[in-house]
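Look at the strand pairing first. Then turn to the helices.

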Amino acid sequence: MPPPTLRGTIVPVVTPFAPDESLDLPALDRLVEHALACGAQGLMPTALTGEGPLLDTAETLAVWDRVFETTAGRVPIVPAIIATTTDYGQMEFTSSVQWRNIFATQFHPEKSQSIGLRILANFGRLVQGEG
């Protein structure tokens, strides 16, 4: 079966936790349903929302399974495979994810100054077919 075509807004889904730091799967269901009700055309669990590198394998798989179960095939799901993390002082966060031929990264042009702004401008030209 070929992979689904990805178009539109693919929303990174935050992983909710209960006060005892366990996964809050009912809250995850509500977040997924809210994203879909707001028009999400795909979901990316355990992505760039920060908690990805902090989840163990069992937690990651539990989140993916629940998102697949809750969406029941209504939209494509892109489980985020963390490609890189960045150590920012005392905090490590996900800086890029990869799945099949999709590679996503986050950067903050306001922090990387002129180089970041140039990367953003180049990306804009590429998307518009100018470069």
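## Strand pairing

Strands β1 (residues 10–13) and β2 (residues 42–45) run parallel, joined by four bridges. Strands are DSSP E runs of at least two residues, helices H or I runs of at least four, numbered from the N terminus. Pairing requires at least two DSSP bridges. Val11 has Leu43 of β2 as its bridge partner.

This is a predicted model: local features need pLDDT of at least 70, side-chain atom pairs 80 or more, while totals for chains, interfaces and linings use all residues. Numbering starts from 1 along each chain, and side-chain values use heavy atoms, without hydrogens or water.

## Helix packing

Helix α1 (residues 25–37) packs on helix α2 (residues 57–71) at about 50°, axes 10 Å apart. Axes are fitted to C-alpha atoms over the stretch in contact, and angles run from 0 to 180 degrees between N-to-C directions.

Contact means heavy atoms within 4.5 Å. From α1, residues including Leu28, Val32 and Leu36 meet α2 residues, among them Val63 and Val67. The contact residues comprise seven nonpolar, two polar and three charged.

Terms used: Ala, Val, Leu, Ile, Met, Phe, Trp, Tyr, Cys and Pro count as nonpolar, Asp, Glu, Lys and Arg as charged, and the others, Gly among them, as polar.
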